[in-house]
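Please look through the sequence and the 3D structure below, and then read the briefing that follows them, which is arranged by topic.

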Amino acid sequence: MRLIAENLGGERGGETVFSGIEFALGDGQALVVTGPNGAGKSTLLRIVAGLLPVAAGRVRFEDGGEDFPSAASACHYLGHLNAMKTALSVTENLCFWRDFSGAGSAGVEEALETVGLGGIGHLPFGYLSTGQRRRAAIAKLLVSHRPLWLLDEPTAGLDKASEERFGESMGKHLESGGIVVAATHLPLGIEGKELRMTG
Amino acid sequence: MSGRTEGGAQAKASHIMLALFLRDIRLSIRAGGGALTGVIFFLAVIATIPFGVGPELKLLARIGPAILWIAALLACLLGLDRLFQADREDGSLDLLVLGNDRHMLALTVLTKCLAHWAGSVLPLVIAAPLLGLFMNMEPAGIGATALTLLVGTPAITFIGAAGAAVAVALPRGGLLISVLVLPLTIPVLIFGVSASYGAVADPDPFLQPFLILAALTLFLAVLGPVAAALALRHGTD
């Protein structure tokens, strides 16, 4: 499958944030989006996901097959917010997102082990620290299969060891033919094209 | 594509919606969920009425169904602002909206409405017969009012969902939602109350207003979620 942006422009509140963005990603390729605050990294990700309208140009998602007709249906979107309920336990949260997304690829326990949260699935999400919350949100990417990962500052709040573990998870995802688009300030430990947004 | 279950990507919509329904029910009964706030408000309003109206038992019995309905209507509106706002604040709403390409967003909204109704409004319906006693209503009147509430309150939730979706981005949208939604709920109130009276006051019919009430609920079960889904789809920022 392929994710292609052609002369893509984005705007927030009627003002153009970026324009003329071009990239084409195939199976197993990653795009690391860098740039100063306010350059439009998050806006770009939200436009690719289809959460914001395209201001100029277009985004295409091709060859996704029957299961993934569009970028929105093929993507895992990990935004600034973790999309987890503080009143529910970590396992309950993950089970819900696994069921809601369909297509489970790893067990919830297994996913928690992968992000280094093994054994704390019974705790309410609200009891976790910032870094642990982020790791639980990353585990959400692992409990159901989506070929396209859209990651907005995925390693914010993570410690060194967790960053490395997450790098490995992304590596595995790419090896299995997935696509990653990540906006970040920190090195992610994956090989990929770089898109520098200047704002 | 390793480890993917065959055809798993297109999991059954019913299974997905059940997961969402159960999550929202769980949230509503956990701490801070607000399932009981509506009931307590309902109880407080009904308990205050006899003090205001005076101890005239006949009058209380006569206005009973109307008071129960108005109090239930207001209690329904109470928790509506959190319907989508809670999901928006923690980022879940983005993911629910993204699911639109796999299963209609309107279906997701309908499920959330049903869960909200079962979690916060159904307790009102269950409490209504008890509170009917406070109003000196006769058993037939109590039964009819509870039945009309059971059939009519989902309509309020469905209309409310559209209001909640429009006001989702506003930090204190609760009052705005009530003001937006209240006029639209008037038909539900009218037919709900007239059916309740129809069961006790002899020449008045019960079945006709009751059936119109049921029709309103069914009609709004389609219109409300579709309108809310449209508002949510275009309200993401």
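## Briefing on a two-chain model

The buried residues of α6(A) are covered by elements of chain A that include α4 (108-114), α5 (130-143), β6 (148-152) and β7 (179-183). This is a predicted model, in which local features need pLDDT of at least 70 and side-chain atom pairs count only at pLDDT 80 or more, while totals for chains, interfaces and linings use all residues. Residues are numbered from 1 along each chain as its sequence is written, and chains are lettered from A and ligands numbered from 1 in the order in which they are written.

**Terms used for helices, strands, burial and contact**

- Helices (H or I, at least four residues) and strands (E, at least two) are DSSP runs, numbered from the N terminus.
- A residue is called buried if 20 or more other C-beta atoms lie within 10 Å of its own, exposed if 12 or fewer, and partly exposed in between, with C-beta atoms placed from the backbone.
- Two residues are in contact if their C-beta atoms, placed from the backbone, lie within 7 Å.

**Helix α6 of chain A**

- Helix α6 of chain A takes in residues 160-175, which makes 16 residues, and it reaches 23 Å from its first C-alpha to its last, close to the 22 Å expected at 1.5 Å a residue (the expected span is 1.5 Å times one less than the number of residues).
- The buried residues in α6(A) are Phe166(A), Ser169(A), Met170(A) and His173(A).
- These residues cover an arc of only 95° around the axis, which puts them on the same side of α6(A); the arc is that of the directions from the helix axis to the C-beta atoms.
- An α-helix has 3.6 residues a turn, so residues three or four places apart point the same way.
- On the face of α6(A) turned away from its buried side are the exposed residues Lys160(A), Ala161(A) and Glu175(A).
- Just after α6(A) comes Gly177(A), which takes a positive phi of about 95°.

**Chain A as a whole**

- Chain A has six helices and eight strands, and from the N terminus on its elements run β-β-β-α-β-α-β-α-α-α-β-α-β-β.
- The radius of gyration of chain A is 16 Å, close to the 16 Å that the globule rule gives for 199 residues, so chain A is as compact as a globular protein of that length (the radius is taken over C-alpha atoms, and the rule is 2.2 Å times the number of residues to the power 0.38).
- Of the 199 residues in chain A, 46% are buried.
- Ala83(A), in the loop between β5 (75-78) and α3 (90-101) of chain A, has a positive phi of about 55° although it is not a glycine.
- Ala83(A) counts as partly exposed because it has 19 C-beta neighbours inside 10 Å.

**Chain B as a whole**

- Chain B has nine helices and zero strands.
- The radius of gyration of chain B is 19 Å, close to the 18 Å that the globule rule gives for 237 residues, so chain B is as compact as a globular protein of that length.
- Along its principal axes the C-alpha trace of chain B spans about 70 × 35 × 30 Å.
- Among contacts in chain B between residues at least 6 apart in sequence, 81% join residues at least 24 apart.

- Helix α7 of chain B (residues 139-166) has 28 residues and reaches 40 Å from its first C-alpha to its last, close to the 40 Å expected at 1.5 Å a residue.
- At Val151(B), α7(B) bends by about 35°, and a proline, Pro154(B), follows within four residues; the bend is the angle between axes fitted to the seven residues ending there and the seven starting there.
- Of the 28 residues of α7(B), 23 are buried, and the helix is therefore mostly covered.
- Asn136(B), in the loop between α6 (105-134) and α7 of chain B, has a positive phi of about 60° although it is not a glycine.

**The largest nonpolar core**

- Of the 126 residues in the largest nonpolar core, Ala49(A), Ala139(A), Leu150(A) and Ala72(B) touch the most other members; such a core is a set of buried Ala, Val, Leu, Ile, Met, Phe, Trp, Tyr and Cys residues joined through C-beta atoms within 7 Å.
- Leaving aside neighbours within four places in sequence, Ala72(B) is in contact with Phe42(B), Leu124(B), Ala128(B), Leu149(B) and Thr153(B).
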